[in-house]
Amino acid sequence: MFHGLSAFPLTPLKEGKIDEQAFTTLLRPLVDAGVDSLGILGSTGSYAYLTVAERAQVARCAVEHAGGIPVMVSIGALRLDDILRLADDAQAAGAAGVLMAPVSYQRLTAEEVYSLYERVTRQLSVPLCVYDNPATTGFTFSDELMFAVAALPNIGSVKFGRVPEDIAQVRSRLPDNVTMGISGDWQAAPALRAGFDVWYSVIAGVFPQTALAIARSKETAQSERLEPLWALFRRYGSLRVMAAAAEMMGKVTVPALPFPLQAIQGEPREALARLIVSLELA
């Protein structure tokens with residue numbers, strides 16, 4: 001399942017509770033567009049702000065409405081017992097894979113991160129995508145640690161937050177069954193052209209046709225025309241930007257994000273509204 005375009009939708013809330021109706025509204029165009037997989041409860045899905053029970057609810061809803069498209073569910077959490085419960089819930093719901101970043105309040109050591117993945121992968125019956133997201137976790141994988149974790153059983157993909165300088169060298173050291181994925185939407189086109197297997201995409205969670213056009217063509221020109229949107233992503237965070245887009249388009253209630261997170265407001269929101277029109281995103 002770790003190939004092509006993986007769309008990461010929001011997990012919308014309504015009065016602080018999971019809004020299943022809005023969630024399925026977000027999923028429908030992704031399924032209709034034919035994305036290659038759904039990335040549920042990633043950073044864009046606000047997983048860290050939800051309870052274990054809420055995350056199980058979202059996983060079940062996603063699989064039910066995925067139309068046969070493979071679903072990957074994030075299982076990252078602070079406590080090991082929660083991670084294992086989330087893994088069990090995702091697998092019971094019918095997820096085809098899981099995603100995990102090394103989440104922690106205290107910054108983890110390399111040895112602790114390796115031990116975490118070693119422990120979790122032993123409990124899985126579906127493949128896991130390793131999520132290197134230092135901007136959120138505060139932990140950066142070294143190359144050696146990434147190769148060691150990738151060699152563990154049940155690892156299916158690595159979600160890189162940057163394009164390595166020597167992609168061929170990285171590829172040669174990863175197991176043959178482990179795919180290379182890119183996040184940071186502005187990096188997707190050059191990464192795919194350079195040989196990455198999968199784009200883990202935020203924009204695809206709201207504008208799947210735009211993302212599919214980039215993923216299928218791998219043309220940097222199509223990505224470069226979205227630079228004003230990428231600039232908003234880099235400045236305010238893609239979650240806040242896409243939440244604002246979904247709110248303005250009436251796909252979710254306002255506010256849709258878990259407090260205290262807020263979709264962008266004021267002039268940035270007005271700029272986004274203009275971009276949705278000028279870039280023909282909707």
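Q: How big is the largest cavity in volume?
A: The largest cavity has a volume of about 60 Å³. The model is predicted, so local features need pLDDT of at least 70 and side-chain atom pairs count only at pLDDT 80 or more, while totals for chains, interfaces and linings use all residues. Residues are numbered from 1 along each chain as its sequence is written, and side-chain values use heavy atoms, with hydrogens and water left out.

Q: What counts as a cavity, and what as a pocket?
A: On a 1 Å grid over the protein atoms alone, a cavity is a set of points where a 1.4 Å probe fits but cannot get out. A pocket is an open set with protein on both sides within 12 Å along at least five of seven lines, and lining residues have an atom within 4 Å of a point. Grid points are joined across faces, edges and corners, and a volume is the space filled by probe spheres set on the points.

Q: How many cavities of 30 Å³ or more are there?
A: The structure holds two of them.

Q: Which residues line the largest cavity?
A: Its lining consists of D132, F141, S142, D143, M146, F147, F160, R162, P164 and V170. Helix α6 (residues 143–150) gives the largest share, three residues. Helices (H or I, at least four residues) and strands (E, at least two) are DSSP runs, numbered from the N terminus.

Q: And the largest pocket: how much space lies in it?
A: About 1,000 Å³. The lining of the largest pocket comprises 42 residues, and S43, T44, Y131, N133 and T136 lie nearest the centre. Two or more lining residues come from each of α2 (52–64), α3 (80–93), α5 and α12 (238–248).

Q: Which element gives the largest share of that lining?
A: That is α5, with four residues.

Q: Where does T137 lie?
A: T137 lies in helix α5 (residues 134–137). T137 counts as buried because its relative accessibility is 12%; buried means under 20% relative accessible area, exposed over 50%, and partly exposed in between (1.4 Å probe, protein chains only).

Q: What does T137 contact?
A: Leaving aside neighbours within four places in sequence, T137 is in contact with A101 and P102, where contact means heavy atoms within 4.5 Å.

Q: What about β4: which way do its residues point?
A: From strand β4 (residues 37–40), S37 and G39 point one way and L38 and I40 the other way, and all are buried. Two bridges join β4 to β1 in parallel, with S6 opposite S37. Three bridges pair β4 with strand β5 (residues 71–74), also in the parallel sense, and I40 stands opposite V73.

Q: What follows α9?
A: K218 follows, with a positive phi near 60°. K218 is partly exposed, with a relative accessible area of 34%.

Q: Where is L41, and what is its phi?
A: L41 lies in the loop between β4 and α2. Although L41 is not a glycine, its phi is positive, about 65°. The relative accessible area of L41 is 0%, so L41 is buried.

Q: Which peptide bond at P255 is cis?
A: The bond joining V254 and P255 is cis, with omega about -5°. The peptide bond from F259 to P260 is cis too, with omega near 10°. P255 lies in the loop between α12 and α13 (266–278), and P260 is placed in the loop between α12 and α13.

Definitions and conventions: Pairing = 2+ DSSP bridges.
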